[in-house]
Amino acid sequence: MKLIRVSLPVEASKRYSTFRRFLKTINGSWIQTYMYCPYQLYLERVKKVEVPTTKSMREGTAAHLVIEEEHKKMVERELSIEDALSLAPFEKESYAYREIKYITQFDNFQLISKVDEIVIEPEQVVIIDDKKSTKAYDGQIFQVYAYAYAFKHMFDVDRDIRVQIRSHVNGKILYDHEFGREEERAIEKTLDDVLRLLKNEFVPRVEYRSSKCDKCRFRDYCEVYLKHVGKW
Ligand code: SF4
């Protein structure tokens, strides 16, 4: 089956990025933070603590830009997501997008997805997140579940959706799974928890863990860490 590199027409890109100012917003990447440490998300998004990005985060952004530039050089045509979904089964072709942003509106919140790669195939859609790690962590898996969940609802997808996490260190697929009803229920529950946290309906309770806290960029503002080191 032929794989065609495509990009979004400007009009479609704008349409997919419609932002409702008065609707609570969850960014898909916050799911990973929440799963890693809910208190970190609380500090960053509820208490609005600002700390500098890390070297590792900047390296990740740079690696993504390199892949995106490679993709742009290979783009053959512009195609909206709706057209790609319709055409793929008839043309027996797959369409690969890079760095696609879409904002999905639900009843009580909107979910921002910025997906590294989406491949629309005749029989399925594959949502891929590139990571700097060499193994897939739960937070990364749930982040890509959020992207798949939002995609399914936004584009009314009638075919299977797979989710993949790929290492941009060695190109290996670290996680590959069908996004089924069970995964959908799991991400719905997590999104609900994140939404309640963002509304400040509860303060997450976490314990000090050296593997996470000692290298956390929020540790100087974190009650849990400061209590552990006797500075609170
Ligand atoms: S220092 Fe530990 S508990 Fe505090 S935000 Fe960071 S990871 Fe979470």
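I began with Asp156, which lies in the loop between α6 (138-155) and β7 (160-167); helices (H or I, at least four residues) and strands (E, at least two) are DSSP runs, numbered from the N terminus. The model is predicted: local features need pLDDT of at least 70, side-chain atom pairs count only at pLDDT 80 or more, and totals for chains, interfaces and linings use all residues. Residues are numbered from 1 along each chain as its sequence is written, and side-chain values use heavy atoms, with hydrogens and water left out.

**Backbone entries**

I noted that Asp156, although not a glycine, has a positive phi of about 50°. Its relative accessibility is 67%, so Asp156 counts as exposed; buried means under 20% relative accessible area, exposed over 50%, and partly exposed in between (1.4 Å probe, protein chains only).

I then looked up Glu99, which also is not a glycine and has a positive phi of about 50°. Glu99 is placed in strand β4. At 28% relative accessibility, Glu99 counts as partly exposed.

**Strand pairing**

I followed β4 (residues 93-105) to its partner β1 (residues 2-7), with which it pairs in the parallel sense over four bridges; two strands pair if DSSP finds at least two bridges between them. Leu3 stands opposite Ser94 in β4. Strand β1 also runs parallel to β3 (residues 77-78), joined to it by two bridges. There, Ser7 stands opposite Glu78 in β3.

**A buried aspartate**

With a relative accessibility of 3%, Asp129 counts as buried. Leaving aside residues up to four places away in sequence, I listed its contacts (heavy atoms within 4.5 Å): Asp129 touches Asp116, Gln143, Val144, Tyr147, Gln164, Ile165 and Arg166.

**Whole-chain entries**

I recorded nine helices and eight strands in the protein. The radius of gyration is 19 Å, close to the 17 Å that the globule rule gives for 232 residues, so the protein is as compact as a globular protein of that length; the radius is taken over C-alpha atoms, and the rule is 2.2 Å times the number of residues to the power 0.38. Along the principal axes, the C-alpha atoms fill a box of roughly 65 × 40 × 30 Å.

Buried residues make up 49% of the 232 residues. Among contacts with a separation of 6 or more, 71% are between residues 24 or more positions apart.
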